[in-house]
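Hi everyone, thanks for making time for this. Please bring the structure up on your screens, and we'll walk through it together.

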Amino acid sequence: MKSIALKFDKTFDFVSKDAVYGYAETMKKHNEALHNKTGKGNDFLGWVNLPSSISETELADYEATAKALQAKKIELFVVVGIGGSYLGAKAVVDALSDSFAQLKGGDKPLIVFAGQNISEDYLYELRELLKNKEYAMAVISKSGTTTEPALAFRLLKQDIEDKYGKEEAKSRIVAVTDASRGALRKLADTEGYKSYVISDDIGGRYSVLTPVGLLAIAVAGFNIRALVQGAVDMEKATGVDVPFEENLAAQYAAVRNELYKNGKLVEILVNYNPKLHFVAEWWKQLYGESEGKEGKGIFPASVDFTSDLHSMGQYIQEGERKLFETVISVASPDREVRIPTDPENLDGLNFLANKRVDEVNKMAELGTMIAHVDGGVPNMLIELPKLNEYYLGQMIYFFEKACGLSGYTLGVNPFDQPGVEAYKKNMFALLEKPGFEEETKAIKARL
Ligand SMILES: O=P(O)(O)OC[C@H]1O[C@](O)(CO)[C@@H](O)[C@@H]1O
């Protein structure tokens, strides 16, 4: 089986090859700390050996639940969750789905999301849609206390019970949450929902290969075994005994840290296939929450090319020189479209006649990389042979492992997110949540 590849020669105008390879020992040490659980945040390292420890029983269970829900002829599967409790599933499902699945329909349920925002319009419009659809639901929250999904689920739970009756609704709701803590665990146990446990040692942003991601991906009709197999193979390929020269995760972590040391403060994840848009959103949470702390960290940004070359391209080419790019490139598209010859050639495009659209896309990709490097933006390339479950599984684990290594190199704990509490505290104070009386007084005095 082929593997995803990492190319970073287009960073050597900015950082030296020697400096990058000079990280070999550091990366080995950090990789050992991840595997031996001796580094910061070592109570959140359940993801390190997760792929190889997913059992046949677990996979069969997710598949059976997905089948049982599909058997109800559901048109929609509503996934209620936010952050790591939604982005992984969204990333994989979008990457594998027909671009127009929402309009074309098909025999597999579409996945829609809720609880990933607090927009009243969004919730109203979703509830209107659900009135006329057959659907089921997963409510996913590791802590079981996150406001956004809890609020959405309060509304949607009532709707599904009104539509199907309490008993049938019960068989259409799956909860994914912590084993014992949190309001969602209590609710799921009291109501008797089918439920899955997110283990304590796996943080939300590292949870896509748990039921948090796998259930929805299976309901959407994709092959979770191939996804997990890709991750298993990448777990092996980035193990402690794999030398730096062969360890893609260690190399990626080294290059981005060396670029950061040399003033490249923003990393832009680039794709040339809009199906990868949410892979970048997932990656932004993974790296942003893991590294952005203690006044440090590369800012993770993303663009969809070539679309954004016509909006953000100017800035990337000539704006502040604090950027570097990591391009995700898919070697072969799934479909073939050739450009026809036009005898009149009024549009002047006959120089492209008989070429595949992907050839034009690839030349845009190559031309852009060269232009951006010339403009002072170092470029790395992650190549996926194809956009399928197996290579996505490889890429997910590659990014996770590299993130752990990168965070340790930066000197932070890549597995906590203390900064997220600040907005929550203010929101609760403003909403006068019981227990926040002092904060309410203090914040109101500032308004
Ligand atoms: O799964 P939960 O506990 O609802 O958390 C959702 C998201 O919220 C955060 O905890 C941030 O508040 C993320 O780390 C997490 O992915």
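Let's begin with helix H11, residues 211-219: nine of its nine residues are buried, so H11 is largely enclosed by the rest of the structure. Before we go on, please keep in mind that this is a predicted model. The buried residues of H11 run from Pro211, Val212 and Gly213 through Leu214, Leu215 and Ala216 to Ile217, Ala218 and Val219. If you follow the chain past H11, you come to Gly221, which has a positive phi, near 95°.

In general, nonpolar side chains of soluble globular proteins tend to be buried together. Here, the largest nonpolar core has 122 residues, and those touching the most other members are Val79, Val80, Val92, Leu215, Ala216 and Ile217. Which element gives the most to this core? That is H17, with 12 residues. The core also draws on both domains, taking at least three residues from each of domain 1 and domain 2.

Let's pick out Val80 from that group. Leaving aside neighbours within four places in sequence, Val80 is in contact with a list of residues that includes Ala114, Gly115, Met137, Val139, Ile140 and Phe153.

That brings us to strand E3, residues 110-114. Is E3 mostly covered or mostly open? It is mostly covered, with four of its five residues buried. E3 runs parallel to strand E2, residues 76-80, and five bridges join the two. To find your place in this pair, look for Leu76, which stands opposite Leu110 in E3.

Why do we call Phe113 buried? Because there are 23 other C-beta atoms within 10 Å of Phe113, and 20 or more is the cut-off for that word. Not counting residues up to four places away in sequence, Phe113 touches Val79, Tyr86 and Lys90. Phe113 and Phe77 are 36 residues apart in sequence, yet their C-alpha atoms are 8.3 Å apart in space.

Next, please find the open sheet of five strands, with the order E1-E10-E9-E7-E8 and mixed pairing. Strand E1 (5-7) and strand E8 (299-304) are at its edges; each has a single partner strand, so one side of each is left without a neighbour in the sheet. From one strand to the next, the twist averages 20°. At the E8 end, six bridges join E8 to strand E7, residues 266-271, and these two run parallel. In that pair, Leu269 is opposite Ser302 of E8. Helix H14 packs on this sheet, where it touches E7, E8 and strand E9 (323-332), and the direction of H14 makes about 175° with that of E8.

Finally, let's step back to the domains. The chain is divided into domain 1, which takes in 5-41 and 233-415, and domain 2, which covers 50-227. Their C-alpha centres lie 29 Å apart. Where they meet, 23 residues of domain 1 are in contact with 22 residues of domain 2. On the domain 1 side, the elements giving two or more residues are helix H14 (277-291) and helix H17 (389-410). H14 gives the most to that side, with nine residues. By class, the domain 1 side has 12 nonpolar, five polar and six charged residues.

Terms used: Residues are numbered from 1 along each chain as its sequence is written. This is a predicted model: local features need pLDDT of at least 70, side-chain atom pairs count only at pLDDT 80 or more; totals for chains, interfaces and linings use all residues. Domain bounds come from an automatic or database domain assignment. Two residues are in contact if their C-beta atoms, placed from the backbone, lie within 7 Å. Ala, Val, Leu, Ile, Met, Phe, Trp, Tyr, Cys and Pro count as nonpolar, Asp, Glu, Lys and Arg as charged, and the others, Gly among them, as polar. A residue is buried if 20 or more other C-beta atoms lie within 10 Å of its own, exposed if 12 or fewer, and partly exposed in between; C-beta atoms are placed from the backbone. Two strands pair if DSSP finds at least two bridges between them. Axes are lines fitted to C-alpha atoms, for helices over the stretch in contact, and angles run from 0 to 180 degrees between N-to-C directions. A nonpolar core is a set of buried Ala, Val, Leu, Ile, Met, Phe, Trp, Tyr and Cys residues joined through C-beta atoms within 7 Å.
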